[in-house]
Amino acid sequence: MKEVKISVRNLIEFVKRSGDIDRRFFSNKRAVEGIRAHQKVQREYSKNFLTEVFLRTQEEIEDIIFTVEGRADGIEVANEVTIDEIKSTTRDLEELEKEENLMHWAQAKCYAYIYAKDNDLDDINVMLTYYQLETEEILNIKKTFTFYELRDFFIGTLMEYLEFSRRIVEWKDIRNKSIKKLKFPFKKFRKGQRELSVAVYNTIDSENKLFVEAPTGIGKSISTIFPTIKAMGEDKIDKAFYLVARSTGKQAAKDALERLLNRKLKLKITMVTAKDKICLNDKVSCNPKDCIYARGHFDRVNDAIIDIFDSCDNFTRENIEKFAKLHIVCPFEYQLDLLDFSDFIVCDYNYIFDPTVYLKRFFENSMLRFTLLIDESHNLLDRGREMYSAEVFIEDLEKLFEILPKKRKAARKHLRNAIDEFKKLDNRNFYSYDSFISFNVEVEKTVFSMNDFLTKDKEAKDYEKALDIYFSLFKYIKILEYYNKDFVSIKSEDSVKIKSLDIAPIFKNILKAPRSSVFFSATLNPIKYYGKLLGADEETNYYKIKSPFDPNNLVVLRNNKISTVYRDRENSIEEIIENLKNFSEYKGNYIFFFPSYSYMERVYESYIEGVDNDNIVKQDREMTEFEREEFLNNFTFSSSTIAFAVMGGVFSEGIDLIGDRLRGVAIITVGLPGLSYERNILKSHFQKKYNKGYEYAYIYPGMIKVVQSAGRVIRTEDDKGEVLLIDKRFSIEPYSLLLPSQWKIYDFNDPREINDILKIFKGEEKYKK
């Protein structure tokens with residue numbers, strides 16, 4: 001007998017869904033479900049009610065054992081037992097009373113069957129409780145079912161899922177057999193790769209968390225993916241997520257996975273593509289009026305899932321688009337459904353950590369055993385703070401007030417109140433939660449009172465603009481749910497902002513769902529700083545892998561004289577340029593990294609004066625993917641290109657310019673973030689919390705950018721190159737302690753010394769341009 005595990009929610013959604021996609025306004029269920037409504041209803045329960053009751057049952061149908069579980073919102077255990085399913089809504093309750101939502105009843109009936117079965121009940125009450133978010137009114141709709149009625153419904157639902165269940169079971173056997181035969185896809189492990197692979201496997205096996213600093217160039221993608229797949233084949237996990245910060249990380253994972261597929265690995269893989277990129281229309285319009293793929297999507301999507309599942313293993317963007325066209329379904333929503341049936345998923349951080357878009361289905365299913373592999377995880381800190389920050393602009397509130405028809409009196413009233421409350425706030429930067437309570441309440445009520453406009457006025461002028469504003473307001477009230485001492489509210493002339501300062505408690509809670517999590521990067525120093533701020537606990541393991549590369553292949557020159565603090569920058573430009581020209585005197589390609597665009601552009605303008613060189617390029621503030629590729633195409637094996645770029649930007653990490661494609665990197669300043677009011681709030685917060693305010697807010701983030709930028713030079717064991725550090729702070733603590741210990745550093749004061757040092761390193765003068 002084979003077992004299939006599924007949650008009640010996923011079972012019902014797969015079997016019972018139908019109709020259109022309409023993203024002009026998310027359904028009440030998806031948009032506002034759970035915003036304190038469950039807690040409010042549950043607080044009003046009598047003492048006879050149990051809340052959040054976990055239920056699980058097994059049913060044997062033909063050759064499959066189904067394990068189905070879920071969590072009932074409430075169960076009244078009085079003379080008569082009642083299963084309660086709570087749904088929050090902004091719709092009129094009288095309308096809901098006249099309708100019968102089959103999905104809601106189906107979910108509640110499944111819970112009722114499991115409870116009745118476990119407790120030998122002949123009949124049981126099933127109740128839907130609708131909580132109206134704006135008026136706070138409650139509607140209860142109750143029905144009574146016999147045990148046999150519920151059993152027939154439940155078994156019938158499983159029968160509808162049976163055919164696809166067999167596919168899942170058969171596929172798992174095929175997958176695991178191929179994994180057992182799978183070998184590492186190279187003749188031998190590079191130095192450091194075996195260590196990393198073993199550490200990842202042991203972390204999955206022990207169901208723990210791991211933070212590992214692994215040197216650039218050892219092949220972190222394959223060294224984390226391979227042991228994870230091996231653990232999957234041994235039934236230690238069901239699924240794995242490879243999380244990336246940018247497209248370069250996704251490409252590295254794609255290359256590693258395809259290398260394994262080429263060695264006869266059988267694995268269902270999905271590379272998640274953003275909606276605006278995978279949409280088949282010229283303009284993203286997720287509604288049945290403007291999009292044929294949205295119209296009737298849910299009527300056809302199950303057939304589309306079965307078709308692609310039977311036809312291919314690698315659910316690439318091209319394959320998803322092909323089958324989406326064939327079955328006339330939305331490729332983005334189709335892609336998200338395929339995640340349920342994928343073994344390995346590569347996607348952006350936000351699908352796991354962002355509170356507004358995260359893949360909720362995987363966190364509600366306690367039976368699902370999954371692992372997170374978090375690439376370049378030093379990036380997750382700032383990204384995480386952004387995810388849990390939100391901003392409301394007064395201009396948006398005023399624009400929304402203009403758009404809303406006068407007949408939408410409730411929404412206009414709360415919107416006007418929000419605008420008035422904003423104007424009452426002092427015109428100064430400050431952060432005090434109590435000062436914003438009245439404003440926050442009116443923003444929340446505005447969101448809850450917009451239902452009629454959003455569902456009935458879809459043809460209104462500027463509807464799309466109103467919808468965009470609505471979702472920004474929705475994110476704001478969503479973030480308010482997390483508000484505690486690790487957040488601040490900031491008032492400026494044109495906005496109110498909720499800023500997240502410390503995401504560690506939130507992430508610690510998120511990381512309870514995966515069975516194991518591996519955070520890895522070439523730059524996690526200090527490693528426990530990242531662990532502390534990204535949700536590590538006392539059981540978390542930390543590991544540093546030494547660089548396998550010959551330290552003699554990299555020379556690091558450190559200028560001990562030049563000051564690049566803000567007040568000295570203008571006066572040091574000429575001396576910086578002299579250093580850069582001496583450093584890049586030899587044939588080859590060089591990148592000069594600066595802490596900001598403005599500083600980079602100022603030095604660039606002075607550098608090119610009187611220079612007869614067509615091979616000097618500069619990173620622009622806004623660049624398309626094509627322009628980025630063109631920028632990198634300047635770095636050939638035979639060119640001598642000088643590039644000006646920004647630390648922390650797209651060219652400072654995740655790019656591989658192997659061998660002679662990159663000779664050297666110069667780094668100007670210690671990379672500290674610019675001084676700002678918000679950054680100083682962060683400093684103050686961490687000073688109070690950890691007694692390391694300046695380090696956490698400025699020094700550590702800055703030096704991570706420095707080391708990442710320097711990491712562009714040595715990408716393989718055969719690479720040779722040089723790094724130039726320009727800022728006398730690199731020579732003093734704590735900055736000097738944050739430089740990689742394997743670096744061979746040569747200090748100098750006079751730029752003429754650069755040539756002497758490089759001459760010794762290169763061994764010959766023939767490399768001069």
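Q: Which strands does helix H25 lie across?
A: Helices (H or I, at least four residues) and strands (E, at least two) are DSSP runs, numbered from the N terminus. Contact means heavy atoms within 4.5 Å. Axes are lines fitted to C-alpha atoms, for helices over the stretch in contact, and angles run from 0 to 180 degrees between N-to-C directions. Here helix H25 (residues 597–607) lies across strand E19 (590–594), E20, strand E21 (642–646) and E22, and runs at about 160° to E21. Helix H29 (residues 752–762) lies across strand E18 (554–559), E19, E23 and E24, at about 170° to E18.

Q: What should I know about the model and its numbering before going on?
A: The model is predicted: local features need pLDDT of at least 70 and side-chain atom pairs count only at pLDDT 80 or more, while totals for chains, interfaces and linings use all residues. Residues are numbered from 1 along each chain as its sequence is written, and side-chain values use heavy atoms, with hydrogens and water left out.

Q: In what order do the seven strands of the open sheet stand?
A: Strands of a sheet pair through backbone hydrogen bonds, either parallel or antiparallel. Two strands count as paired if DSSP finds at least two bridges between them. The order in this open sheet is E20-E21-E19-E22-E23-E18-E24, and the pairing is parallel. Strand E20 (616–618) and strand E24 (745–748) are at the edges with a single partner strand each, so one side of each has no neighbour in the sheet. On average, neighbouring strands of this sheet are turned by 20° against each other, direction ignored. As one example of pairing, strand E22 (residues 664–668) and strand E23 (residues 721–726) are joined in the parallel sense by five bridges, and Val665 stands opposite Val723 in E23.

Q: Which way do the side chains of E15 point?
A: In a regular strand the side chains alternate between the two faces of the sheet. In E15, Ser495, Lys497 and Lys499 point one way, and Val496, Ile498 and Ser500 the other. Six of the six residues of E15 are buried (under 20% relative accessible area; exposed is over 50% and partly exposed in between, with a 1.4 Å probe and protein chains only).

Q: What angle and distance describe the ring pair of Phe363 and Phe370?
A: A pair of aromatic rings is described by the distance of the centres and the angle of the planes. Rings of Phe, Tyr and Trp (its six-membered ring) pair if their centres lie within 6.5 Å; planes under 30 degrees apart are stacked, over 60 edge-to-face and the rest tilted. A search of the whole structure finds 47 aromatic pairs. Phe363 and Phe370 form an edge-to-face pair, 5.9 Å centre to centre with 80° between the planes. The rings of Tyr483 and Phe487 have centres 5.6 Å apart and planes at 25°, so this pair is stacked. Both Tyr483 and Phe487 are buried.

Q: Is Arg17 buried or exposed?
A: Arg17 has 15% relative accessibility and therefore counts as buried. Arg17 lies in the loop between helix H1 (8–16) and helix H2 (28–32). A polar contact is a pair of N or O atoms within 3.5 Å; within protein, one must be able to donate a hydrogen and the other to accept it, and residues adjacent in sequence count only if both atoms are side-chain atoms. The side chain of Arg17 makes such a contact with the side chain of Asn302 (2.8 Å), and reaches the backbone oxygen of Glu13 at 3.1 Å.
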